[in-house]
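Subject: The structure we talked about

Hi,

Here is the structure I promised to pass on. Have a look at it first, and then read on for what turned up.

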Amino acid sequence: MRRPKLTPVVLSIVFLMPLITAGQGTLTGTVTSNGQPLDNVSVISSKGGGTRTDKDGKYSLRLSAGTHSITLSSIGYTAQTMSVNIVDGQQTVQDISLESNAIGLETILVVGTRSRPRSAVGTPLPVDNIDFPTLKSTGQITFDKTLQYRVPSFNTVNTPVNDATTLLDPYEIRNHGPSRTLILINGKRKNLSSLLYVQFSPGRGETGADLSGIPLDAIKNVEILRDGASAQYGSDAIAGVMNIVLKDRYDQSYVTLFGGVTNKGDGGNYGLTLNSGGNFGSRGYINYTVSLSQQDNAIRSGIIDIPTEIATFGGDQVTNDAIRRFLAVYPTGKNENGTGETTAAKFLYNLGVPVGETGLFYSNAAYVFKKVNSNANYRVPYWRIDEVLLHAPIPGAPDYTGSSYGSSGSQLQNDFEADKAAGKYQGYIGYEPTFNGDLTDYNATAGFKNEVNGWKQDISITVGGNQQLYSVIHTVNRTLLKASPTAFKPGGFGFFNVIGNVDISKSLTDNFAIGFGTEIRKETYKIIAGDTASYSGEGANSFPGIRQENSGVFSRYNMGAYFDASVNVTSNWLIDGTIRGEKYSDFGDAFVYRVSSRVKVDGDNFVLRGSASTGFRAPTLHQIYDQSTQASFVAGTIQLSGLFNNNSKQAFLLGVPKLKPEKSVNFTLGVGVKPVKNLSMTLDYYDITIKDRIVYSSAISSSDPNTTLYHILQDNGVVQAQFFINGIKTHTTGLDFVGSYTRIALGKGRLGINVAGNYTLTNKIVGSPNDPAAVKQANATILSTQIRSLLTKSRPKYKAVLGFDYALDKWNFNLANTLFGPTEFQDLDNGGSIMEHIKQEFTTNVVTDINVGYDITSKINATVTVSDVFNILPKWSLKALDNTGQAYLADAAQKSLLEGFLEFSGRYRILAYNGSQFSQLGAIFQATVTFKF
């Protein structure tokens with residue numbers, strides 16, 4: 001099959017430089033802090049032009065003759081502006097020292113408090129601050145995957161079963177799913193994706209923003225608040241807030257060409273990124289990024305285990321022999337599972353226009369287009385008989401596509417099986433349904449901020465949207481028989497929002513500050529119906545379409561307001577408090593608060609901090625209105641499951657109540673120390689309880705005609721029902737540790753050491769699930785053992801990152817070791833009821849990455865990255881939970897079959913069906929070349 005790719009082109013960039021430069025001089029100098037040289041400091045002139053300091057803190061900048069205002073800034077240091085006079089033909093030397101400021105960014109106001117900015121040591125809240133060079137050093141090409149290898153509390157991984165999840169992978173902080181981490185762009189809410197995750201993988205039943213769509217080179221730094229912040233921002237900020245700060249002041253343009261491949265020679269990627277812009281006046285800027293990329297698929301299909309395959313599909317001797325013959329020629333069953341193929345184009349700009357002495361009009365916008373392809377499980381000829389609908393029969397064979405077979409296809413199957421046994425269809429080898437997805441994602445903000453008499457004012461409007469349209473080819477709708485097409489348009493989804501914000505703050509005295517504001521938000525969710533053939537009867541095999549009656553456009557609005565006050569009781573004791581009220585058009589009101597405090601015991605060298613807060617998360621429109629038929633692979637068969645939304649007749653008959661907001665209670669307690677120069681450490685404990693947590697229920701079924709559930713399933717043509725419900729209460733506790741030791745003299749270079757870790761102490765479901773009456777009547781539950789394991793055990797028990805950076809002359813070396821703790825699954829769908837007594841455990845592993853950079857010239861840099869240097873792959877084994885499990889695993893034949901069932905006879909040998917804690921691709925080789933101009 002031919003898949004769309006970026007057309008190979010010869011990329012040439014021509015730069016026209018002035019032939020005559022009149023009246024120029026050179027500004028040089030060294031930037032230090034506490035006597036130590038600072039690298040990567042931005043040095044920008046108000047009249048245009050800029051550079052960055054090298055590894056020795058030195059800079060050189062060619063400027064026009066005259067007076068210039070020069071601004072020097074770096075993350076972690078207070079920016080300084082100086083006035084210099086450049087003389088024609090002469091060199092001006094200007095050394096400067098920057099003061100350390102652990103955060104050094106006014107945008108910490110966004111994730112810390114609404115009143116005024118504070119340093120990381122001074123804030124009562126735990127905040128990670130990660131700059132662009134640190135993200136880039138991972139060698140990963142998408143933003144979400146860079147966080148996976150730099151932030152221990154953040155987890156994301158490619159799902160083993162792809163289709164729509166190829167467009168973006170679920171992520172989460174502190175085991176709370178993508179819906180409970182609020183994503184901000186320059187302090188403004190980013191729109192959600194329109195995709196609702198339904199696969200059995202972490203993040204099931206939720207949605208989140210498309211982090212992979214944010215161009216990495218547009219990011220200045222990322223702030224991650226590891227604490228609940230509903231009082232500041234409203235819904236979604238239960239686990240924390242991630243604020244993505246975009247590059248602003250322009251210092252130089254660059255083009256980066258990149259390419260890479262896995263150790264298997266597949267999964268190739270290539271593309272280019274342009275970052276450029278300009279400055280105007282002392283504060284004005286525009287910075288923009290264009291990124292084009294191609295990611296090919298990587299195949300990690302396993303060799304099929306014949307005994308398991310026979311146990312799944314076999315029966316009589318003729319079929320068993322056919323399985324053996326087929327797998328002798330095609331050992332993997334022609335499956336192509338692994339990672340999908342993605343073509344992406346991304347554009348983003350960030351603009352600031354000064355208005356008067358203190359005013360600033362600002363704007364930023366992004367547009368992303370992605371096209372993906374992924375393969376469903378190959379339909380081997382002994383599994384599905386649909387090949388008679390895809391191909392003309394071999395000479396002499398009967399025509400099984402005639403109308404005489406009606407709509408059920410049962411006689412078709414019987415006659416086909418009989419003739420197949422007689423050898424008439426030995427020429428058919430099956431088919432592979434292929435999923436295609438088109439995604440567009442955009443967000444834009446325009447606003448004005450100003451300061452009048454000490455009152456800081458910020459007013460803005462933000463729009464955003466995400467739309468996905470799907471197609472599936474090389475498959476059939478067997479209900480339609482001869483009339484079935486082989487390509488379908490199953491429909492898609494859209495999510496759109498419009499947000500207005502007003503924020504005002506003022507330091508009333510040196511020790512007391514207040515902040516208050518309001519937000520008005522409208523959200524719209526769109527369900528797009530597929531073509532009729534995609535959903536008629538059984539629907540398109542592998543990906544049934546969205547029925548017309550389930551489509552629609554659904555909206556709601558909400559209004560919220562907050563008030564924040566911060567007081568320094570003494571020079572060493574800070575107290576901050578926030579309250580917030582919200583009103584939603586679809587479920588009513590919410591009121592939350594937060595109180596936090598920080599005590600300096602020894603200045604910034606020893607700090608105690610803590611917070612207590614309440615929070616809430618509104619059910620997403622996806623969870624309220626989505627209704628569909630989903631095809632799932634269960635024990636060798638495709639079963640149709642119905643997702644009934646909470647406004648449906650079916651949900652009413654089942655006794656499923658309307659969704660209401662989740663409510664949370666958060667506590668944190670931490671300590672920060674700076675025992676010696678350039679060494680800092682923080683340790684924070686967190687405790688999060690969520691009541692009325694929304695879950696996507698187990699697939700519930702009943703074969704008892706005396707139950708209400710049985711009749712609902714029969715009336716809707718499905719064998720299983722699922723729905724969203726405020727079903728459980730959860731309790732999560734853990735520890736976060738962050739340590740950094742920088743600028744250590746080692747030989748002729750400088751060494752930096754960073755260590756960070758997350759350890760989950762508790763992640764459990766409290767009490768019994770809220771089962772509706774009709775579900776209890778059928779002796780079923782919304783929370784199967786499989787769902788329990790997914791919610792509580794599917795992310796690493798612990799995760800840590802140990803990194804070393806060494807800068808020497810023109811070289812830069814980065815070594816990162818990521819420790820992934822164990823994860824567990826109990827897959828009843830594929831392993832059967834015995835998985836109540838056995839768990840599938842992915843063992844602890846360390847993944848090592850190496851990044852080496854070299855400045856070929858002052859304008860050209862080359863970097864080589866090897867991710868997972870030792871080619872470490874996820875490994876799992878079966879562990880008994882009780883005597884029943886021990887007895888079962890003691891039988892080698894039974895154990896082998898169970899392992900085969902969990903990995904679909906070996907097709908998903910590395911990950912099985914639920915996924916693991918890190919990538920299955922192994923070692924990846926990546927190279928980049930950057931041209932500055």
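Strands here are DSSP runs of at least two residues labelled E, numbered from the N terminus. Please keep in mind that this is a predicted model.

Let me begin with Ser740, which sits in strand S37 (residues 724-746). Is Ser740 buried or exposed? Its relative accessible area is 19%, and buried means under 20%, so Ser740 counts as buried. The side chain of Ser740 makes a polar contact of 3.1 Å with that of Asn754. Beyond its neighbours within four places in sequence, Ser740 touches Asn678, Leu679, Ser680, Ile753 and Asn754.

Next, a sheet. Five strands make up an open sheet with mixed pairing, in the order S10-S15-S16-S13-S14. Its edges are strand S10 (127-131) and strand S14 (188-189), each of which pairs on one side only. Within the sheet, strand S15 (residues 219-225) runs antiparallel to strand S16 (residues 240-246), and six bridges join the two.

With 13 residues at 1.5 Å a residue, H6 should span 18 Å, and its end C-alpha atoms are 19 Å apart, which agrees. Which residues of H6 are buried? They are Thr319, Asn320, Ile323, Phe326 and Leu327. These cover an arc of only 130 degrees around the axis, so they lie on the same side of H6. Ala328 and Val329, on the other side of H6, are exposed. The buried residues of H6 pack against helix H5 (306-313). At the start of H6, a side-chain oxygen of Asp316 comes to within 2.8 Å of the backbone nitrogen of Thr319.

Finally, the aromatic rings. Counting rings whose centres lie within 6.5 Å, there are 23 aromatic pairs. One of them is the tilted pair of Phe435 and Phe543, at 5.1 Å centre to centre and with 55 degrees between the planes. This pair ties together distant parts of the chain, 108 residues apart: Phe435 belongs to strand S24 (residues 434-452), while Phe543 is in the loop between helix H9 (532-535) and strand S28 (552-570). Phe435 and Phe543 are both buried. Elsewhere, ring pairs connect Phe313, Phe326, Tyr330, Tyr382, Trp383 and Phe904 into a cluster.

Enjoy exploring it!

Best wishes

Terms used: Residues numbered from 1 in each chain as written. Predicted model: local features only at pLDDT ≥ 70, side-chain atom pairs only at ≥ 80, totals over all residues. Heavy atoms only, no water. Pairing = 2+ DSSP bridges. Helix = DSSP H or I, 4+ residues; strand = E, 2+ residues; numbered from the N terminus. Expected span 1.5 Å × (residues − 1). Buried < 20%, exposed > 50% of the residue type's maximum accessible area, 1.4 Å probe, protein only. Arc of directions from axis to C-beta. Contact = heavy atoms within 4.5 Å. Polar contact = N/O pair within 3.5 Å; in protein donor to acceptor, adjacent residues only side chain to side chain. Phe/Tyr/Trp six-rings, centres within 6.5 Å; stacked < 30°, edge-to-face > 60°.
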